[in-house]
Amino acid sequence: MTAPATAPPPHRRVPQEAGLDELAAALERAPRHALDSESNSGFAYRERLCLLQLNVGGELWLVDLPALPVAADGTSHALDRLRPVLESPERRTILHGGEFDVGCLKRDYGLALRGVWDTQQAARLLGWQKTGYAALVEKLCGVALAKGFSPYDWARRPLPERALAYALDDVRYLPRVQQEIATAIAAADLEEELAIANATVETAEWSGGFDPAALWRLKGAGGLPRPALAVLTVLLAWRDRLGKHLDLPPGRVINHRLLLALSRTPPADEAGLRRAGLRGRRLARHGRELLEVLRSARRDPPPIPEPPARERLPPAVRHRRDRLKEWRRQEAARRGLPEQTVLPAAALEHLARHGAGDLAAVPQLGAKRARLYGAQLAELC
């Protein structure tokens with residue numbers, strides 16, 4: 001087995017906007033390309049794409065995204081010259097677990113990737129147990145990839161050689177991985193199912209941003225009394241504002257566990273903050289402001305966001321869903337495939353709610369599944 005590289009392989013680097021013309025020309029010439037990105041997720045209030053890696057017909061490229069011009073609203077048109085290829089459904093864009101890349105490229109560059117072929121989606125459809133990129137490279141290429149830069153601030157400059165090697169490895173082996181998995185997909189007759197899954201990846205959107213109702217997703221929040229929930233509502237909004245000001249993820253400013261403790265028993269002084277778990281630099285920097293926020297929350301409690309509504313489904317829908325799930329389980333066992341390969345969750349939910357009267361309208365079903373299972377689905381529904 002090949003050991004992980006410590007120095008980056010030969011590659012072309014695009015350190016400024018002008019170099020994108022050469023990359024665009026290379027994309028036009030190449031029969032296929034693979035793409036990945038690195039961000040500063042976990043190190044900034046709102047993660048930003050920092051590096052774009054491409055394998056263009058076997059030639060490796062790095063685009064230094066922070067060096068490209070950005071508009072006042074945070075968006076950029078610098079990648080527009082790559083758009084004719086990357087947005088063409090006739091050109092294959094190989095990704096691995098590409099929802100994040102697709103969503104962030106839409107958000108920051110208005111770039112909607114098309115022609116997506118996602119190797120993780122393919123591995124999942126086949127029912128492979130390990131579908132991470134490193135596992136697939138080891139399985140299919142016999143290469144053990146370095147693991148030291150998974151949590152890393154890719155906004156830092158200069159980037160060390162080992163970091164560049166790690167980033168380039170993400171596309172260095174991706175075309176070969178795709179070729180190997182494509183053979184397995186064809187042998188299993190799952191090409192249409194994969195096309196549907198790939199089209200779903202293309203629709204991915206960025207899902208970040210502050211949501212006051214997120215308090216209901218915090219473990220332990222559901223059991224808080226209303227006065228504590230009002231305090232938690234204020235604390236979450238304050239933490240989000242502070243995270244934005246400091247350009248840090250809110251969870252790194254103050255973690256959820258401490259917010260819940262402060263909400264249950266709001267301290268009245270610094271000693272109380274210290275007993276709750278706020279100490280050191282965070283106490284010195286934010287303690288006084290936090291005490292004022294807590295006093296304000298008790299003095300003038302805000303409206304508490306409504307909890308997510310629990311939909312009460314009619315008995316007929318629940319019964320259809322149960323029958324469909326049991327049939328899917330049995331069919332997956334019979335074919336030796338994952339349940340999602342037999343019938344995706346979105347299709348099952350639509351059928352449970354609306355029946356099988358119009359199979360063409362069922363999301364993520366497709367013509368092949370309709371042909372194979374149409375009569376059974378009609379009977380189940």
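A crossing of two helices is called left-handed if the near helix is turned anticlockwise from the far one by less than a right angle, and right-handed if the turn is clockwise. In this predicted model, the crossing of α5 and α7 is left-handed, whereas α4 and α8 make a right-handed crossing, and α9 likewise passes α13 in a right-handed crossing.

## The chain as a whole

The chain has 381 residues, of which 47% count as buried, and its secondary structure comes to 17 helices and 6 strands. Among contacts between residues at least 6 apart in sequence, 68% join residues that are at least 24 apart.

## Helix α1 and its cover

Helix α1 takes in residues 20–29, and within this helix Leu20, Leu23, Ala24, Ala26 and Leu27 are buried. Seen down the axis of α1, these buried residues fall within an arc of 160°, so they line one face of the helix.

The cover over the buried residues of α1 is provided by elements that include the strands β1 (12–14), β2 (33–39), β3 (49–56) and β4 (59–64), together with the helix α2 (83–86).

On the α5 side the contact is made by Tyr133, Leu136, Val137, Leu140 and Cys141, which meet Leu174, Arg176, Val177, Glu180 and Ile181 in α7. By class, the residues of this contact divide into 8 nonpolar, no polar and 2 charged.

The axes of helix α4 (residues 119–126) and helix α8 (residues 191–202) come within 10 Å and cross at roughly 140°, which means that α4 is oblique to α8. Here Gln121, Ala122 and Leu125 in α4 meet Glu193, Leu194, Ala197, Asn198 and Val201 in α8, a contact with 5 nonpolar, 2 polar and 1 charged residues. Helix α9 (residues 226–246) and helix α13 (residues 280–299) pack at an angle of about 145°, with their axes 9 Å apart. In this pair Val231, Val234, Leu235, Trp238, Leu242 and Leu246 of α9 meet His286, Glu289, Leu290, Val293, Leu294 and Ala297 of α13, and the residues of the contact divide into 10 nonpolar, 1 polar and 1 charged.

## Backbone features in the loops

Most residues other than glycine have a negative phi, and most peptide bonds are trans.

Two aspartates carry a positive phi. With a relative accessible area of 47%, aspartate 189 is partly exposed. For aspartate 247, phi is near 55°, again a positive value in a residue other than glycine; aspartate 247 is found in the loop between α9 and α10 (250–253), where a relative accessible area of 31% makes this residue partly exposed.

## Histidine 354

Histidine 354 is found in helix α16, which takes in residues 345–354. Because residues over 50% relative accessible area count as exposed, histidine 354, at 56% relative accessibility, belongs to the exposed class. The C-alpha atom of histidine 354 is separated by 8.3 Å from that of valine 317, although the two residues are 37 apart along the chain.

Conventions. Residues are numbered from 1 along each chain as its sequence is written. This is a predicted model: local features need pLDDT of at least 70, side-chain atom pairs count only at pLDDT 80 or more; totals for chains, interfaces and linings use all residues. Side-chain values use heavy atoms; hydrogens and water are left out. Axes are lines fitted to C-alpha atoms, for helices over the stretch in contact, and angles run from 0 to 180 degrees between N-to-C directions. Helices (H or I, at least four residues) and strands (E, at least two) are DSSP runs, numbered from the N terminus. Angles under 35 degrees count as roughly parallel, over 145 as roughly antiparallel, 65 to 115 as roughly perpendicular and the rest as oblique. Contact means heavy atoms within 4.5 Å. Ala, Val, Leu, Ile, Met, Phe, Trp, Tyr, Cys and Pro count as nonpolar, Asp, Glu, Lys and Arg as charged, and the others, Gly among them, as polar. Buried means under 20% relative accessible area, exposed over 50%, partly exposed in between (1.4 Å probe, protein chains only). The arc is that of the directions from the helix axis to the C-beta atoms.
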